[in-house]
Structures are given as structure tokens and as C-alpha cells.
Amino acid sequence: MLLFTILNVILIAYLAWGVLYQFIFSAAGRFFKNKTLHKTTRSRRIAVFIPSYQEDAVILSSAKAALTQNYPTNDYQVIVIADKLKAETISELKSMPIQVVEVSFEKSTKAKALNMALKTIDASKFDIAVILDADNVMKTDFLSRVNARFEENIVVLQGRRAAKNGQTGVALLDAASEDINNHILCNGHSVLGLSVRLAGSGMAFDYKLFETIMPQIEAIGGFDKEIELRLTRLGIALNYDSEAIVYDEKVGHTKQFSKQRSRWIAAQFRYAKLFIPSAFMRFILRGQFDHFNKAIQMALPPRLILPFALMIMTLLNVIFQNKAMFLIAFSALIVNVLSFVLAMPKHYFTVENRAMWLAIPRTLGATFIALTNLREASRRFIHTSHEVIVH
């Protein structure tokens, strides 16, 4: 009984902290307003990197789309990093006005691919590095907005990743998760003057900074999280523009969902373990709250599991007649639901999107499966395949 009491208090405290953290930024995100763009003085030279690992199904269409920006064609270069692409795919890519960097690794990661490309590219040609995923499609004004925001002397910008598909309930749920991330980890943080999350794509960096920080990144998964932590440790702010939009393919099936979450959760908990102790000391000794906030963010409970864990803890405390802990768990559950309501766009609550709500039980199961694969995800890169989305 004593053991249950101790575990009960620890688990509910951890879950309640996760709820409070998300609620604060969810509420703050309601007050977000996108910044007015400065008048641009010049078109900065932009390198658009697209790492592509076995993405023959989507890379050709993505590369073609990347060439349609309303930005001076002489001032940006699309660079596809071809990792284990078919010969015919590479041949077709080389027929386009893009640069192809062919790489091959025994164990592939996005960080390795980007670092190899950086060694190949003439850095003097570029001012900004933009990173996309192989399935991403930039809104036609994306590079123009990035250029305008860099007029503010910022060195890191995260654009808004938006779903380009919603063909299944799982895809809709993944899209909702992305929108919640944008609201809590970008809008909410920006309002409170804190660095936003980096999403792995739709990111723009000062080229020299990117060239300096990337060789330090050895992540198997979650290279964006390591960049977040290393940059905020240097005191560099991570900014956000909700109108700089990149369309991203959402996973359509539970198996893909589980593989993707294994990679993300394993990376987050790994970086929590690596960075929280030193980040805490930096906060105490140097006042680096922005970096400390990034570090503790890595330890947040998985969002989909959180409300169900609170339901279980609420029920257990009813059974064991622990009124105080029941009230805490139940209150946390209510606040958790409210944070989701504040963060999610209204269209998810319509009848048309009922498939998303019906998909919750199986995606919850997929998330629990993801937790059992964390050891594998920490040892090797788990690839999530994409497909061409026909509208």
C-alpha cells in the first residue's frame, strides 16, 4: 500500500506538471499575432536542402514544387540529398535545374546527410539554409517570407507545418497533433518571449550558423531537438512565422504512426536525460531560462497518452478512496481537455472530421506500441515512408 501511495503521488505529479505546462502555453497561444513583415532591402541567397532517404515515391514531385517559389530564381538553389534513391530517380532529378548530392551510409540519418551536403556546397554562395523533408511542399511565398523575416536580424526561423492530406482518421489525428504543436510550442512560446520548437522541416537558418552547428549534431533521430538545445544553450532565439507555410504529409496508418512516435519519443527522452541537469545549472547560475525551458520540454508526457493516463489514475484513486489525489487527477484531466480545446482549430470539432475521433483508440494503441520500441529507435534511424497525395 505504501508503494502504491508513493507511485501514485509521483505519477500524478508528473502528469499534472505536463498538463499545467501545456495549458499555460495553450492559453497564451490564443493571444498570438503574426509579426508585420519588414520591407526587404535585398533578396538573400537561399539554399533549400531536401534530404531524401529512399523517398522515390515523393521526391520528384516535391523537387518540382520547390522550383515554383515567387522568389528570384537566381537567388535560391534547391539541393536534393539523394540517399539510396533509385538510379532512374536520380537521373530525373539531375534533368531539373536543381543540385543533386548523392550520399551513402551504412546507417543513414538526416544529420549525416545534411553534414555531407554542407561539405559539398560552396558556402560563400548562400546567406540562408532552409531545411525540408522529402514530402514537403512550400507555399509559393515561403522563401519571400523567410527573406523578409531575416530583415529583423534573426538567425533562426521556424515556419508553420500544415497538413497536405487528411485521407484517413489517423492522418487527421496527426494533422491535429501538428496544429496543437504549432499553437502550444510555437504561438504560445512566441507570445511569452521564449524560443519556439523546431519541427525538423520548414526551418530556416543563417547559413554560417547552420554550417557551424550541424557538425556537432550526431542524432540518430530528433536532430531538430538537438539543434534546439544547442542553439538555446548559446543564447540564440528560435523564432516563428505562422504565415511561412510548408505543407507536410501526415502519416495515414497506425503502423507508420507508431514508428514515427517511437523515433520522436526516444529522441525526446534521450535529450531530456542529456540536457536537463546542465540546463538546470545554467538556469541557476546564468539565468538561462530559455534553454532550461527547452530541456524540460523534452520530458513532457506523450500528449495522446496523457488524458488516458489521467483517467486511469482518477479511477484508481476512486477505487482506493484517496479523495485528495482523486481531486488532483480529475482536475488535471479537465484542464488537459481544456488545453486541447484552446489549441485545436475549430474545424476538427465538426461532423466532417468524425473519422479523427474514431481513430483515437487505435492510435492510442499505436502510441503504447511505440513506447515498447524506444530502445530500437534510440539505436537506429526508423524511416517513415511517404506516398504521393492525389488531391
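**Surface patch, cores and buried helix positions**

Leu315 lies in helix H11 (residues 305–319); helices are DSSP runs of H or I with at least four residues, numbered from the N terminus. The model is predicted, so local features need pLDDT of at least 70 and side-chain atom pairs pLDDT 80 or more, while totals for chains, interfaces and linings use all residues. Residues are numbered from 1 along each chain as its sequence is written, and side-chain values use heavy atoms, without hydrogens and water.

Leu315 counts as exposed because its relative accessibility is 52%. Exposed means over 50% relative accessible area and buried under 20%, with partly exposed in between (1.4 Å probe, protein chains only). Together with Met1, Val318, Ile319 and Phe320, Leu315 forms a nonpolar patch on the surface, with about 530 Å² of accessible area. Such patches join nonpolar side chains within 5 Å, from residues with over 30% relative accessible area and no salt bridge (a side-chain nitrogen of Lys or Arg within 4 Å of a carboxyl oxygen of Asp or Glu). Accessible areas come from the Shrake-Rupley method with a 1.4 Å probe.

The largest nonpolar core holds 64 residues. A nonpolar core is a set of buried Ala, Val, Leu, Ile, Met, Phe, Trp, Tyr and Cys residues joined through side-chain atoms within 4.5 Å. Phe49, Phe205, Met214, Phe223 and Leu231 touch the most other members. Helix H6 (residues 169–191) gives the most to this core, with eight residues. Apart from this core lies another, of 33 residues, among them Val80, Ile90, Ala134 and Met138.

Met356 is found in helix H13 (residues 354–358). Met356 is buried, at 1% relative accessible area. Beyond four places in sequence, Met356 touches Gly169, Leu172, Leu173, Ala176, Met344 and Tyr348; contact means heavy atoms within 4.5 Å. The C-alpha atoms of Met356 and Val170 are 6.3 Å apart, although 186 residues separate them along the chain.

Lys294 is in helix H10 (residues 289–297), and Thr232 is in helix H8 (residues 223–233). Lys294 is buried, with 0% relative accessible area. Thr232 counts as buried at 2%. Their C-alpha atoms are separated by 7.7 Å, with the residues 62 apart along the chain. Among the contacts of Lys294 beyond four places in sequence are Ser195, Glu228, Thr232 and Leu238. A polar contact of 3.2 Å joins the side chains of Lys294 and Gln297. Polar contacts are N or O pairs within 3.5 Å; within protein, one atom must be able to donate a hydrogen and the other to accept it, and sequence-adjacent residues count only if both atoms are side-chain atoms. The side chain of Thr232 reaches the backbone oxygen of Glu228 at 2.8 Å.

Definitions and conventions: Helix = DSSP H or I, 4+ residues; strand = E, 2+ residues; numbered from the N terminus. Patch = residues over 30% accessible without salt bridge, like charges linked within 9 Å, V, L, I, M, F, W, Y side chains within 5 Å.
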